[in-house]
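Let's walk through this protein together, starting with the whole fold and ending with a single residue.

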Amino acid sequence: MTNAADFRDLTTLRVGGAIADFREPSTRGELIDTFREVSSSRQPWFLLGGGSNIVVSDEPFSATVIRVATRGIDRFDDGDRVLVTAQAGESWDALVSWTVENGLAGLEALSGIPGTVGGAPIQNIGAYGVELSDTVESLQFLPAGETEVVTLRSDALSFGYRRSSLQTGLTGLVISVTFALTPATESAPIRFDQLARALDVPLGSSVALAEVRRSVLELRASKGMVVSDDPDSVSVGSFFTNPVVPASIARALPPGAPRFPLEPQRSETVVPLGVTPEFPNFDAAPGDVKLSAAWLIENSGIPKGFALSGSNAAISSKHTLAIINRGGATADEVLELARYITIRVHDAFGVMLEPEPTMIGFD
Ligand SMILES: Cc1cc2nc3c(=O)[nH]c(=O)nc-3n(C[C@H](O)[C@H](O)[C@H](O)COP(=O)(O)OP(=O)(O)OC[C@H]3O[C@@H](n4cnc5c(N)ncnc54)[C@H](O)[C@@H]3O)c2cc1C
């Protein structure tokens, strides 16, 4: 079906221009056929999930937009683990809720992240010390311009902190994602200090799955990080990633700046006794240090709730990392604020912030 639509109505930040050619296949077969046809033609195309990690220009959009609307969750018991396959258009949080209700541990700390299952591996979503890559087994994938669906195993996807090879080179359609989960009434060990404190348990404890989900949803809502009628949730979540810098740059920052030394290998991640891990330690060069983008922004003199004069884009009043649309903001206003923040942080600390969302349709 070919239709017109508008990115403003299809993205959580509510900016973006008109779409002349909009398709919304809702069965696996239709999705594959549509993507095969569009990606093998000469016309440009864009795959859309929940629109929760993109900032789209307000100019009319000339590429064909395929919004992935497939649904379905299947379970396969495989010895002491359970393989759960979800179709790409399934809501991410509906999947997490389903796993919790079905006594499967692994995804509970990722409760409340907006978007679709197919969008989740693109930047390897993460929260509260857990990343999607911890439990992904494989993806079903259709490379752009090809006809054969392939299965990509997790180790082929170069997952890292908010990144995967699906952003850089592996171009195509995620059809479904398979997770290897553990049948359990209790969660995977809690790895994030703030969540452990909210649950009132020591780090490393396991807690009832539903309790973790409830606590994560509460914490996220208190920061405007669940899409709801809260005006502070009209965003793409965190607008900037936490910078990873060489130790020499980290040392030059003021004493109060949070610094999280990274291990070179993910498998070597160790939490020493008495140390509070705030971020997972993924994919660093030896000596690299992860910084807190929120700290850098606040300490460059930009407070929560900040807006440039006359602009409808602002920093969330609950979370320094989120840029929100206060109503009627243009994509340019969002980018103008993002640029202002980047320059202020660079001038104050010599550290360059990188945006987390994908920018679409800008020169
Ligand atoms: C309030 C809020 C809180 C958030 N909190 C977090 C958080 O805690 N942690 C976190 O990691 N992220 C967070 N995010 C960001 C976002 O929710 C995730 O990145 C999410 O996984 C994006 O999925 P989506 O379906 O919305 O993708 P979209 O925004 O629609 O697309 C993002 C990218 O994925 C591509 N894509 C989408 N579907 C497919 C597919 N089927 N096949 C191939 N490519 C595809 C798109 O082309 C685009 O490049 C938050 C966002 C908001 C609004």
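Of the 363 residues of the protein, 44% are buried, where buried means that 20 or more other C-beta atoms, placed from the backbone, lie within 10 Å of the residue's own. Keep in mind that this is a predicted model, in which local features need pLDDT of at least 70, side-chain atom pairs count only at pLDDT 80 or more, and totals for chains, interfaces and linings use all residues. Residues are numbered from 1 along each chain as its sequence is written.

The protein has seven helices and 19 strands, taken as DSSP runs (helices H or I, at least four residues; strands E, at least two) and numbered from the N terminus. With a radius of gyration of 20 Å, close to the 21 Å that the globule rule gives for 363 residues, the protein is as compact as a globular protein of that length. That radius is taken over C-alpha atoms, and the rule is 2.2 Å times the number of residues to the power 0.38.

Now follow helix α7, residues 331–349. Its buried residues include Val 334, Leu 337, Ile 341 and Val 345. Among the elements covering the buried residues of α7 are α6 (293–299) and β4 (54–56). Just after α7, Gly 350 has a positive phi of about 70 degrees.

Finally, look at the loop between β17 and β18, where you will find His 319. His 319 is buried, with 22 other C-beta atoms within 10 Å. Leaving out residues up to four places away in sequence, His 319 touches Lys 223, Gly 224 and Met 225, a contact being C-beta atoms within 7 Å.

Notes: A residue is buried if 20 or more other C-beta atoms lie within 10 Å of its own, exposed if 12 or fewer, and partly exposed in between; C-beta atoms are placed from the backbone. The expected span of a helix is 1.5 Å times one less than its number of residues. Two residues are in contact if their C-beta atoms, placed from the backbone, lie within 7 Å.
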